[in-house]
Amino acid sequence: MSADLDLLKTPGPTVTALTAPFWQAAAEGRLLIQSCEACGKAVFYPRPICPHCWSDRLAWREASGRGRLKSFSVVHKPGHPGWLPAAPYVVGLVELEEGPTMLSFIVADEAACAVGQPLVLAPTRIGGRLLPAFKPSAGAGSTRQPNHRGNTPMSTETKDGWIGVIKGRPQVGAFAERSRRTRLEDIEAFTEMTGDRNPLHYDKALAEASVFGKLIVQGGVTSGILNALVAEDLPGPGTVFLEVGWKFVKAVGVDEMITGRVEIKEVRPDKPICKIETSVRNEAGDICLTGTATVFTVPLARA
Ligand SMILES: [Zn+2]
């Protein structure tokens with residue numbers, strides 16, 4: 001599973017009046033399931049009446065996000081061609097803590113999966129949408145990723161490279177987003193800083209006649225939102241880029257709302273270094289920048 005799941009051309013969910021609250025919450029990274037107000041049992045998939053007592057008094061409640069892997073399967077030949085770039089990947093039956101079973105994408109390699117293993121909700125961007133998925137939870141027997149936080153007692157085997165990092169050691173799967181609107185002043189500020197006075201940023205007529213069809217901001221303005229994300233949000237203060245591999249897929253114009261996103265993919269235990277997935281999208285949801293980066297978080301916490 002090395003493909004960027006977010007770039008997959010997978011079909012989206014069919015949203016109905018009944019399932020709309022589920023999908024709405026999913027888009028916010030939350031998992032809602034129904035709960036029967038007559039018999040108290042949890043219900044999933046969404047239904048108009050309770051399968052346990054036939055009451056129609058079903059209310060939406062936030063699930064704990066914890067569960068267990070009841071069974072799983074490694075998909076080599078997806079049922080829809082849109083999933084091909086992600087194959088092989090793991091699909092599992094997740095027994096939610098509340099009781100019901102849910103079919104879900106599992107964010108882990110086959111080797112990290114075992115029946116009975118504790119799982120935790122890991123909302124994942126797939127095909128341009130944030131969808132519920134699950135991953136092995138911290139401390140689970142066969143997980144490969146040690147998931148403890150920087151402030152818990154350490155094993156003696158490896159030294160904790162995250163001591164003194166202001167926000168502590170991030171978790172694999174953690175993500176952060178940030179949005180801002182580009183302005184003409186961004187172009188000016190970037191030129192002031194770098195001397196980049198490309199006509200594409202300044203000559204409206206030339207820019208409009210170009211393949212871009214509009215004045216565009218410098219790539220540094222677009223990627224700059226990722227600097228803010230890593231330094232402010234995740235992994236947080238003290239973070240610098242060691243290496244970036246970015247594709248600028250679509251130009252960003254002036255007065256466009258852009259949203260940057262970073263997600264932790266790998267965390268080194270011995271050094272405050274992470275591999276992260278990065279993207280910047282425009283208001284329409286099109287990817288403008290995509291790629292990965294390696295970041296180093298300088299320990300800055302005062303003793
Ligand atoms: Zn009931």
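## Strand pairing and the open sheet

Two strands count as paired if DSSP finds at least two bridges between them, where strands are DSSP runs of E with at least two residues, numbered from the N terminus. In this predicted model, local features need pLDDT of at least 70 and side-chain atom pairs count only at pLDDT 80 or more, while totals for chains, interfaces and linings use all residues. Residues are numbered from 1 along each chain as its sequence is written.

An open sheet of 3 strands has the order β2-β1-β3, with antiparallel pairing; β2 (42-43) and β3 (58-62) are its edge strands, each pairing on one side only. Between β1 and β2 there are 2 bridges, and Gln-34 stands opposite Val-43 in β2.

## Domains

The domain assignment, which is automatic or from a database, divides the chain into domain 1 (5-40 + 61-136) and domain 2 (175-297). Taken over C-alpha atoms, the centres of domain 1 and domain 2 are 30 Å apart.

## Nonpolar cores

A nonpolar core is a set of buried Ala, Val, Leu, Ile, Met, Phe, Trp, Tyr and Cys residues joined through C-beta atoms within 7 Å, and a residue is buried if 20 or more other C-beta atoms, placed from the backbone, lie within 10 Å of its own. The largest such core has 29 residues, and those with the most contacts inside it include Ile-33, Phe-105 and Phe-134. At least two residues of this core come from each of β1 (32-36), β5 (89-96), β6 (101-106) and β7 (118-121), and β5 gives the most, with 4 residues.

Leaving aside residues up to four places away in sequence, Phe-105 touches Tyr-89, Val-91, Thr-124, Ile-126 and Ala-133, contact being C-beta atoms, placed from the backbone, within 7 Å. A second, separate core of 26 residues includes Ile-187, Ile-216, Leu-226 and Val-295.

Methods. A residue is buried if 20 or more other C-beta atoms lie within 10 Å of its own, exposed if 12 or fewer, and partly exposed in between; C-beta atoms are placed from the backbone. Two residues are in contact if their C-beta atoms, placed from the backbone, lie within 7 Å.
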